[in-house]
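Reader: Please take one part of this model and go through it closely. I would like the local packing described plainly, with the residues named.

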Amino acid sequence: MTRRATSGRRRAADLVLVLNAGSSTLKVSLLARDGPEPIAAVTTTWGGDPVERAPGTITSVLERLGVDPERLVGIGHRVVHGGPDLVRPVVIDDRTLAMMRSVVCLAPLHVLPSLAVIEAVSVALPGVAQVACFDTAFHASLPEISRRYPVPDDWTERLGIRRYGFHGLSVAWATGAAAGLLGMPRSRARLVVAHLGAGSSVTAVDRGRSVDTSMGFTPLEGLMMATRSGSIDPGILITLARDHGLALDALDDALHHRSGLLGVGGSGDMVVLQARARAGDARARTAIAMYVDRAAAAIAGAATRLPALDAVVFTGGIGEHAVAVRGAIVRRLGVVGIPRARDLAGPADRVLSARGAHPAVIHVTAREDLEIRGAVLALVGG
């Protein structure tokens, strides 16, 4: 098992390795202690079962990056789900590994690859400290009215059915970056953060703390996404199972992999859909309009959970790069007082609304890797 690096190694080390193990890809970046840009980065597809492929993939990636273990402060992992107890970044040891294994059932497609990568890194880089950072942790502050579902009490108390929320590392980074652009400490910022991408969610942040979020017990709830349905009438599932004989696995596959933008528009890629819409494709236009409609409604709803609103923050692949989609969402929000934004292309973090406009509209580049680096440096960086 991974142990903390020796104090001598930590003093001499100057790099942090960040790994993001997903169900289909592994993203790895090598970062200096300071500075925003990775020294090196690799994204690779698993090409099979991540658990089986992890040892060989890790060895190959470390060789490609030229990682020198003597220079590593530590290694940070994005882990999608920490369950009810892992609510902050932790140094990985036998105890925390056991806790992570105990919540695999809550997100097996995501947590199992993370565990496999952690074990593979332990073998490849023994003695270098590893830190797990959980996407659910930022939402540990959800109040009961947001955390609880209106279901039988037994489901809540005995079965643990509750809202966890996801995209927490992205929201945490966006919160700090947006507060900086507004010239205020994050502990004062009252924001709605829209992480819009292949997975999409909206979070209300009250003075740096999550108070409401659109994803729930799983990342399936909430907004329409690339291939995920988002929230639908649960009676649909009952009808499909009871009256049409659809098995649970078939429902699971349809809702996760064949719905959302793909199900409506024929593609889960917003760039493709926008091109098809410009060419007159009615299905693509409908899919984009539905996405805009649901995102705007979620942002407006999240704002009602705040005592006041300083800014709406867009991040994630669609939030950052789909300028027309972002502009359409902002225009829909005019009815609740969100000002029109200057939808200028470009990756830099910036305020999109006019100077002095309130609430502001802000674009922040998603940088979970920098959020994870901060956690690694705080826990094992000396």
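**Thr175 and selected helices**

Author: With neighbours within four places in sequence left aside, Thr175 is in contact with Phe138, Arg186, Leu191, Val193, Val205 and Gly208. The model is predicted. Thr175 lies in helix H7, which covers residues 168-182. Its relative accessibility is 0%, so Thr175 counts as buried, the cut-off being under 20%.

Burial can also be followed along a whole helix. In helix H11 (residues 270-278), the buried residues are Met270, Leu273, Gln274 and Ala277. Viewed down the axis of H11, they fall within an arc of 100° and so line one face of the helix. At the start of H11, a side-chain oxygen of Asp269 comes to within 2.8 Å of the backbone nitrogen of Val271. Just after H11, Gly280 has a positive phi of about 100°.

A helix pair elsewhere gives the packing geometry. Helix H2 (residues 50-65) packs with helix H4 (residues 108-124) at an angle of about 45°, and their axes are 8 Å apart. H2 and H4 are therefore oblique to each other, and their crossing is right-handed. On the H2 side, the contact is made by Pro50, Val51, Ala54, Pro55, Ile58 and Leu62. H4 contributes Leu112, Pro113, Ala116, Val117, Ala120, Val121 and Ala124.

Terms used: Residues numbered from 1 in each chain as written. Predicted model: local features only at pLDDT ≥ 70, side-chain atom pairs only at ≥ 80, totals over all residues. Heavy atoms only, no water. Buried < 20%, exposed > 50% of the residue type's maximum accessible area, 1.4 Å probe, protein only. Helix = DSSP H or I, 4+ residues; strand = E, 2+ residues; numbered from the N terminus. Arc of directions from axis to C-beta. Polar contact = N/O pair within 3.5 Å; in protein donor to acceptor, adjacent residues only side chain to side chain. Axes fitted to C-alpha atoms, helices over the stretch in contact; angles between N-to-C directions. Parallel < 35°, antiparallel > 145°, perpendicular 65-115°, else oblique. Left-handed = near helix turned anticlockwise from the far one by under 90°. Contact = heavy atoms within 4.5 Å.
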